[in-house]
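Here's a quick tour for anyone opening this structure for the first time. Have a look at the sequence and the fold, then read on.

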Amino acid sequence: MADTGPEAMSRLIVDLDAIVANWRQLNERSAPARAAAVVKADAYGLGAIPVARALAAAGARTFFVAHPAEAAELRPHLPADATLYVLNGFTPGDEAAMAALNAVPVINDLGQLTVWAKLAERLQRRLPVAIHIDTGMNRLGLDAHEVHQLGENPHSLRGLDLRLWISHLACADEAGHLLTHVQAGRFANALMHLPIAPASLANSSGIFRLNAAERQALTRPGAALYGVNPTPEATNPMQAVVRLEARILQVRSVDSGQTVGYGATHTFAKPAKIAVIAAGYADGFHRALSGKALVHINEHPCPVVGRISMDLACVDITGCPTPIAPGAFALLLGPQQSVDALAGQGGTIGYEILTSLGRRYARLYQGGALAEAKA
Ligand SMILES: *Cc1c(COP(=O)(O)O)cnc(C)c1O
């Protein structure tokens, strides 16, 4: 990975023990289903390899990524008995590469199923497969017509090792949303007409919204593992996982009437002190957070002033009770500011904050000692 070393200006600290604790909690809440771990997009930007290793050491045996390339990178770091699903499946022509991966493609239409079955026949190998059924998201998965067709022709699965049926919820983050239970009903109904295999419906929020029967055999939490609140209407039941600290590069004084940054969007009404921090939109400190985000310096909240640029942002430290010098850190994410709180300031969601963190931080991992000892 291209992560920069400890000489990097700013640092991202990932608490692997908190991720493990979150997985254990989600696994308990999923019962009698088991919880998998969704580690797509480099474990939501936090590092798929260290995260999956820590979770495997804690007992997780089922993992999901989105792309075949993600599976290829992660597979050698998983225990031999772990199952790795690839949500996006394969594209036409890439099925042989998929079969070589020791991963299970999630098939999203009947055409792909035919290609996969043909390959199994040619290789004389029972290839593993998962099948996605669309129940209302209208993104990936077999539509109602294809579900019916497959129910009528279960022999299209001949020669394949059917491991899992999945469907995906559209509105589980909203408490009491009707579509969640409509989807659960459609999924259960579809499964009655299809060959028997374990089934999986819940993402992080789904674990909290569905009853035990609706949760089926396996849940697929992603965001909640990484500390995003799966129940946004209530207190976050998950442990915080990330701490993001940006280095203060310079401290300067400005007079009243002066402006700061590109576009001169902020004018100081009184003389002020500003700190320039080493985090910009290239580091996932989104430009949309300009004039909106808070950072904490010595636990004191300081507003971002003016536009956030590619590598830098300016914060108003006039009200800080303690002296601030270059080399100190400003806290962007941590005990004083959750991922969800920062996301809210920028009009986005915690998922996007985490997955855009960028590659320029020194990444430090805490905990996960057992995973390291086994490595
Ligand atoms: C990303 C994803 C998940 C995980 O969702 P979270 O909301 O992050 O828990 C589960 N299932 C599918 C199909 C996904 O694409």
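Helices (H or I, at least four residues) and strands (E, at least two) are DSSP runs here, numbered from the N terminus. This is a predicted model, so local features need pLDDT of at least 70 and side-chain atom pairs count only at pLDDT 80 or more, while totals for chains, interfaces and linings use all residues. Residues are numbered from 1 along each chain as its sequence is written, and side-chain values use heavy atoms, with hydrogens and water left out.

**The cores**

- A nonpolar core is a set of buried Ala, Val, Leu, Ile, Met, Phe, Trp, Tyr and Cys residues joined through side-chain atoms within 4.5 Å; buried means under 20% relative accessible area, exposed over 50% and partly exposed in between, with a 1.4 Å probe and protein chains only.
- The largest such core has 115 residues, and Phe63, Trp165 and Phe285 have the most contacts inside it.
- Helix H3 (residues 48-57) is the top contributor, giving 7 residues to this core.
- Another core, of 8 residues, lies apart from it, with Val254, Ile274, Val305 and Cys314 among its members.
- As background, nonpolar side chains in soluble globular proteins tend to be buried together.
- Take Phe63: setting aside neighbours within four places in sequence, Phe63 is in contact (heavy atoms within 4.5 Å) with residues including Ala52, Leu55 and Ala56, as well as Leu78 and Tyr85.

**Helix H3**

- H3 is largely enclosed by the rest of the structure, because 8 of its 10 residues are buried.
- Those buried residues are Ala48, Ile49, Pro50, Val51, Ala52, Ala54, Leu55 and Ala56.
- Ile49 sits in H3, and its 15% relative accessibility is why Ile49 counts as buried.
- Beyond its neighbours within four places in sequence, Ile49 is in contact with Glu73, Leu74 and His77.
- His193 is 144 residues from Ile49 along the chain, and their C-alpha atoms are separated by 38 Å.
- After H3 comes Gly59, with a positive phi near 115 degrees.

**Ala190 in helix H8**

- Ala190 has its place in helix H8 (residues 178-192), and counts as buried because its relative accessibility is 10%.
- Leaving out neighbours within four places in sequence, Ala190 is in contact with Ile133 and Val147.
- Gly151 is 39 residues from Ala190 along the chain, with 8.6 Å between their C-alpha atoms.

- Asp316 lies in strand E17 (residues 313-316).
- Lys and Arg count as positive and Asp and Glu as negative, with His and the chain ends not counted.
- Asp316 is buried but has no salt bridge, meaning a side-chain nitrogen of Lys or Arg within 4 Å of a carboxyl oxygen of Asp or Glu.
- Not counting residues up to four places away in sequence, Asp316 touches Phe268, Ala272, Lys273, Ile274, Cys302, Pro303 and Val305.

**Cysteines**

- A search of the whole structure turns up 0 disulfides, where a disulfide is a pair of cysteine sulfur atoms within 2.5 Å.
- Cys302 is in no disulfide, and its nearest cysteine sulfur, that of Cys320, is 3.4 Å away.
- Cys302 counts as buried because its relative accessibility is 0%.
- Cys320 counts as buried because its relative accessibility is 13%.
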